[in-house]
Amino acid sequence: GILGSIAYPSYQDHIRKTNRGDAKANLLELSQFMERYYSEVGSYTGSTLPFNTSPRNGNTKYNITSIIATTTYTLTATPTGVQATDTACAALGIDSVGVKCIKGGTKCSNSATASVREEVARCW
C-alpha cells in the first residue's frame, strides 16, 4: 500500500508529461503546416488546421485552437479531462514567430525575466 501511494502519483505525472509531449509535437507540426500554407498563398488567412485535438486518435487530451490573421497566427493546446490537472504548464501555445508560451500565454519564451524563460523551457 505504501509503495502504491508513492508510485501512483509518479506514474500519473509521467502520463501527463507524455501527453504534453504529444501536444507539443502536434503544435510544432501545425506550425509547420501554417508556414507551408503561407509560402504557397502569401497569407495565413483562409488556412484551416488539418486537425484540432491531441492526440489525433480520438482519445483527446488537448483541444487545439488557432487565431489567424493575415501575417500572424497563434496556436494553443488547452488540456482537457484528466490532463487539465497539469497546472505546471496548463495551456501550451506557439505563434508565427516561434514564441512558445505556457499557462494560456501568460508566460512566454521571449520574456525579459530569466526565471519565466526557464519555466517555459521546462514545459516545452
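Student: What pattern does the chain follow along the sequence?

Tutor: Read that way, the chain runs α-β-β-β-β-β-β-α. This is a predicted model, where local features need pLDDT of at least 70, side-chain atom pairs count only at pLDDT 80 or more, and totals for chains, interfaces and linings use all residues. Residues are numbered from 1 along each chain as its sequence is written, and side-chain values use heavy atoms, leaving out hydrogens and water.

Student: What makes a stretch a helix or a strand?

Tutor: Both are DSSP runs, numbered from the N terminus: a helix is H or I with at least four residues, a strand is E with at least two. The chain has two helices and six strands. Strand β1 covers residues 53–54, and serine 54 sits in it.

Student: Why is serine 54 called buried?

Tutor: Buried means under 20% relative accessible area, exposed over 50%, and partly exposed in between, using a 1.4 Å probe and protein chains only. Serine 54 has a relative accessible area of 0%, so serine 54 is buried. Across the chain, 35% of the 124 residues are buried.

Student: Which residues does serine 54 touch, beyond those up to four places away in sequence?

Tutor: A contact means heavy atoms within 4.5 Å. Serine 54 touches Asp22, Ala23, Asn26, Thr60, Lys61, Tyr62 and Ile64.

Student: What lies 3.4 Å from a polar atom of the serine 54 side chain?

Tutor: The backbone nitrogen of alanine 23 does. For comparison, a polar contact is a pair of N or O atoms within 3.5 Å; within protein, one must be able to donate a hydrogen and the other to accept it, and residues adjacent in sequence count only if both atoms are side-chain atoms.
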